[in-house]
Amino acid sequence: MESKAKRIYLVSLLAAVFFGLSIFAIFKTPDEYSLSERRKLEQMPEISIKTILNGRFMEDFEDYSLDQFPLRDSFRSLKAFTSLKIMGQTDSNGLYIHNHSVAKKEYPLNYDSLDYASLVFSGLYNRFLAGKADKIGFVIVPDKNFYLADDAGMLHMDYDEFYSTLEASTSHFAEHIDIRNYLDINDYYLTDTHWRQENILPAAQEIAAAFGNTLPENYEKVLVDEPFKGVYFSQLGLKLDTEELYYLTNGIIENYSVFNFESNKAIPVYDTSLAAGADPYEMFLSGPLSLVTIENPSVNTQKELIIFRDSFGSAIAPLLAQSYAKTTIIDVRYIQPMVLGNFVDFENADVLFLYSSMVLNNSTTLKQ
C-alpha cells in the first residue's frame, strides 16, 4: 500500500508540474528577445488554413514553443550545471570552460566556407582594388580555441591547414600577416569571443610594420565603470565572474573625428554608454556598423587605410588609424559590396582584410 501511495504521489506531482507549466505557457506574455542568448525569440505563428495544410504552422509553432517555454533560462542553467558539473561532459551546447575561460568549439574545418570567403574577397579585389590600391594585407585573427583547445582536450580544426588553405586562395592579391605568435589566451576576454584592446598592441604593431608604419608606444589605459559581461556570460547558463573593461587612448586617438554612414552622424571612438548594454564590446566604434570613417588630423600625411573587417576590427582600428589621415572601416556582412564605390575612394590606399577564424569558418554572412 505504501509503495502504491508513493507512486500515486509521484504521478500526481509530475502531473501538477506539467499542468502548471502548461497554464503558465498559455497565459505568459511572449518574450521578444533573449538577453542570455542575444537573439530574437520566435513569436506565435499565423494560423490559417494554408499554413495548417502545408504543415508550416506546426513547424513554426514548435520553434515558438521552444523559445517561449516557461522558466527557459532556469532550465538552461540546470542543463549546463548537470552536463558539466554532474555528468562530467566536456561541453554544453558547444561551450566549454578551461582555466576560467569560456570558448565555443570550432570544428571541423569548413572548406566550403573558406572557398566562399575567398570568392568574396577576390570579388572585392577585382571590383575595387586591382590597379588602384597600394599595399594589401590579410590578417586572420585566431579564435580562442587556437590557444585553449589542445590543453583542454577539445576537438578543434587543423589551424595550420586552415591558414594555408586561405593563404593559397588569396595570396595572389594580399600579403598574409601572421599574428598568432603575438597573442595568447590571456589577450581574450574570459567570457567573450573577442580580444582585449589593452593587450593587442604587439599584434597591432606587427600589422602596422607590414605596411611600413610605426605605432606610438604610450597610451592611457582607461577602466570603464561598467563590469564586462561577454557573449558567453549568460549563454553558458552557469554563474560566472564579471571582468574589467579597458580601452586605450592618447592625444592622437582623442583628436579623431569618427563618422557613422548608417546614421549619418558623428560618433565617439569609444561609446562607454554601450558598455552597460547587451553587448559591452560594442563600445568600440559603436559595434557592428557597415561603414565608418576615422579622420586623423594629427599626422603629416595624406595616406589612407581601408579595413574590411568583422567585429574584431572595432578594437584594433583605432590603433592602426594613428598612421593615416583617413581610415575607412567596412563590414560586408551589413552592406552590399556593389555600392561601396559610391562612398569609398580606393585609389592609392593601403587595404587590410582582417577577419576572425570563426567568421571565416562560417562565412555565409559575408555579402558578395
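This is a predicted model: local features need pLDDT of at least 70, side-chain atom pairs count only at pLDDT 80 or more; totals for chains, interfaces and linings use all residues.
Residues are numbered from 1 along each chain as its sequence is written, and side-chain values use heavy atoms, with hydrogens and water left out. Local features need pLDDT of at least 70 and side-chain atom pairs count only at pLDDT 80 or more, while totals for chains, interfaces and linings use all residues.

The chain has twelve helices and 14 strands; these are DSSP runs numbered from the N terminus, helices (H or I) of at least four residues and strands (E) of at least two. Of its 368 residues, 48% are buried, meaning under 20% relative accessible area with a 1.4 Å probe and protein chains only. Among contacts (heavy atoms within 4.5 Å) with a separation of 6 or more, 73% are between residues 24 or more positions apart.

Strands of a sheet pair through backbone hydrogen bonds, either parallel or antiparallel. Here two strands count as paired if DSSP finds at least two bridges between them. Eight strands form an open sheet with mixed pairing, in the order S6-S5-S14-S12-S13-S11-S9-S10. Strand S6 (175–176) and strand S10 (265–267) each have a single partner strand, so one side of each has no neighbour in the sheet. Within this sheet, S12 and S14 run parallel and are joined by five bridges; Leu-305 has Asp-350 in S14 as its bridge partner.

Another pairing involves strand S7 (residues 220–223) and S8, which are antiparallel over four bridges. Val-222 stands opposite Tyr-247 in S8. Which residues cover the two faces of S8? Tyr-246 and Leu-248 lie on one side, Tyr-247 and Thr-249 on the other, and all are buried.

A nonpolar core is a set of buried Ala, Val, Leu, Ile, Met, Phe, Trp, Tyr and Cys residues joined through side-chain atoms within 4.5 Å. The largest has 51 residues, of which Trp-195, Ile-207, Phe-284, Leu-320 and Leu-352 touch the most other members. Elements giving two or more residues to this core include strand S8 (246–249), helix H8 (201–210) and strand S14 (350–356). Apart from this core lies another, of 35 residues, including Leu-124 and Phe-308. Leaving aside residues up to four places away in sequence, Phe-284 touches Tyr-246 and Tyr-247, among others.

Notes:
Buried means under 20% relative accessible area, exposed over 50%, partly exposed in between (1.4 Å probe, protein chains only).
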